[in-house]
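This report goes from the protein as a whole to a single residue. The sequence and structure come next.

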Amino acid sequence: MNPAVSHPANGKLNIAAALHEIGILLELKGARYFQARAYKAAARILADLESSVTSLISENRLTAISGIGSAIAAQIKELDRTGTSRMLEQLRSELPRGALELATVPGLSLKKIEQLQDALGIGSVAELKSACERGEVRKVKGFGPKTEQKLLESISVAKKPRNEINIHKGLRLAEEVVNYLRFAKGVKQLEIAGPLRRWRETTPDITIVVAANRAATVLDHFAAFPLLIRILDRTPYSLVAILNTGVKVSLSVVSPNNFAATLLNATGSDAHLERLREVAATRHQTIELNGLKARSGKATVKTESELYDRLGMQYVAPELRENEGEIEAALAGKLPEDLVTLADIHGMLHCHTNYSDGKHTVEEMARGAEALGMSYLTITDHSPTAFYAGGLKVDRLKRQWEEIARVQETVKVKLLRGTESDILADGSLDYPDHILEQFDVIIASIHSRYRMDENQMTERVIKAMRQPWFKIWGHALGRIIQHRPPFNARVEEILDVISESRVAVEINGDPYRLDMEPRWIREARKRKIKFVISTDAHSINGMKNLKFGVGIARRGWVRRTEVLNSLSATAFVKAVRPNQKLA
């Protein structure tokens with residue numbers, strides 16, 4: 001029996017894979033476009049759910065989930081009960097062998113797949129590639145040499161870099177794969193590598209390294225992953241495949257003795273590894289970073305830390321491996337050894353409730369922060385100018401303060417009255433002074449007029465930073481990753497002003513913001529500016545954004561002592577209160 005069956009998430013993944021297959025097969029058959037799309041969308045929704053399918057079914061909550069109607073819910077119930085569905089089996093029986101995999105090749109319609117099946121018995125991409133290379137496809141009626149060449153080119157497209165995906169999606173998918181691989185027989189160690197391990201904002205694909213004595217067993221296990229729809233390449237120690245999301249996953253399986261070297265090499269970055277080789281050469285040492293071996297002198301290096309140590313360097317955390325001065329600092333013993341960690345954070349910052357554009361109530365958000373072990377929570381809903389996000393006018397703000405006081409009596413987490421105050425076009429903050437002075441914390445953010453020219457935007461932000469109230473500069477440059485670039489401003493000039501003003505800089509944990517960028521975080525550190533790491537949470541689930549904020553902070557070399565919400569509740573309140581000076 002496959003041990004993965006006992007994994008509680010495996011049933012959900014199998015059902016999601018089946019729904020995706022139904023959608024693809026409906027598409028191939030020329031069924032209604034919206035029906036096919038609905039099944040594929042439901043597959044994504046189901047794979048993302050934290051609740052178990054069994055509990056959703058038993059509590060009759062499937063159709064309460066947006067995107068899952070009664071017809072799809074019926075398929076989910078049947079799949080959960082029997083492991084298959086009559087609809088899926090019927091679709092499979094009506095289509096040629098390997099149709100699902102072959103459909104991933106651009107240019108192959110159902111009719112052409114059927115022709116290849118009938119003429120050559122082709123039922124996989126590997127068989128198609130082989131037939132094209134032998135010149136057999138051109139002989140099939142309706143194809144020809146040009147079509148054969150185009151098919152070969154299409155097959156190779158999937159091996160080329162694709163558009164990068166956000167870290168949020170990348171980590172979620174990688175964790176699904178890792179959770180599945182844990183149940184493979186003989187796994188000793190496994191880690192997510194590549195840009196995700198360095199907490200880069202985006203990644204072109206997913207890289208995973210596994211230590212095991214029998215590589216074939218782990219590779220066979222991965223080949224049966226429910227969300228895997230196509231194998232691009234397989235060697236005795238690796239497998240590259242495409243998931244049903246279109247994301248490529250590269251898996252390397254090595255012996256435990258070679259795990260550290262492979263992980264280092266697979267983590268990158270290329271520039272960091274190249275610089276590391278240069279250091280090794282100057283010390284007359286040989287380090288092979290080919291994914292299989294790492295040798296320094298005669299002894300195998302068994303940990304990454306040991307490898308750096310043998311080169312006379314401090315250990316370089318994955319987030320720092322970008323060849324941006326970290327190797328020089330490590331050689332000089334000046335690399336920060338107390339980079340901020342998730343465990344260092346005691347306060348949940350920048351949280352919205354249903355008073356503005358949040359999903360949950362003050363009490364629900366308080367309970368959520370409490371469940372995560374936080375000591376304090378800032379309630380920072382939008383200010384009046386952000387009317388599109390339910391910005392609070394003064395009367396509603398005061399009603400919220402009353403509710404915060406009532407909820408405080410029922411929870412242990414310290415609740416702080418705050419605002420995400422808009423920085424207006426003229427640089428002023430969006431509440432009158434007599435209101436601003438009553439907050440426990442002010443986050444000052446720009447939400448409009450992003451297209452000001454560099455001079456106007458620089459002056460706007462500088463004026464806001466010079467406001468007499470202590471404030472936190474929220475999602476500083478307004479970027480939305482892959483959708484909106486940072487606004488134009490002279491950032492170093494703004495940071496110079498901040499260093500002399502009553503301001504801390506937010507490191508925004510929303511995975512689609514992650515603002516500010518690590519390069520600017522490092523510039524702020526040079527000026528001894530303090531930070532907060534926030535979630536920008538609009539729901540209880542959004543509080544999980546904290547890990548992304550910590551990741552980007554570490555990429556900016558931020559130390560625990562530089563983060564204000566690593567302080568106790570009492571010390572934090574004293575540090576950020578608008579009418580107090582920065583401690």
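In this predicted model, 68% of the contacts with a separation of 6 or more are between residues 24 or more positions apart. The protein is built with 24 helices and 16 strands. Its radius of gyration is 27 Å, close to the 25 Å that the globule rule gives for 583 residues, so the protein is as compact as a globular protein of that length. Of the 583 residues, 55% are buried.

Some overall values for the protein are listed here.

| Property | Value |
|---|---|
| Span of the C-alpha trace along the principal axes | about 80 × 70 × 45 Å |
| Accessible surface | about 25,900 Å² |
| Part of the accessible surface that belongs to carbon and sulfur atoms | 49% |
| Distance between the mean positions of positive and negative charges | 3 Å |

Is Thr 458 buried or exposed? Thr 458 counts as buried because its relative accessibility is 0%, and buried means under 20%.

The side chain of Thr 458 reaches the backbone oxygen of Glu 454 at 2.7 Å. Leaving aside residues up to four places away in sequence, Thr 458 touches Ala 489, Arg 490, Glu 493 and Ile 494.

Conventions:
Residues are numbered from 1 along each chain as its sequence is written. Side-chain values use heavy atoms; hydrogens and water are left out. Buried means under 20% relative accessible area, exposed over 50%, partly exposed in between (1.4 Å probe, protein chains only). A polar contact is a pair of N or O atoms within 3.5 Å; within protein, one must be able to donate a hydrogen and the other to accept it, and residues adjacent in sequence count only if both atoms are side-chain atoms. Contact means heavy atoms within 4.5 Å. Helices (H or I, at least four residues) and strands (E, at least two) are DSSP runs, numbered from the N terminus. The radius of gyration is taken over C-alpha atoms; the globule rule is 2.2 Å times the number of residues to the power 0.38. Accessible areas come from the Shrake-Rupley method with a 1.4 Å probe; for residues, only the protein chains shown count as cover. Lys and Arg count as positive and Asp and Glu as negative; His and the chain ends are not counted. The place of a charge is taken as NZ of Lys, CZ of Arg, CG of Asp or CD of Glu.
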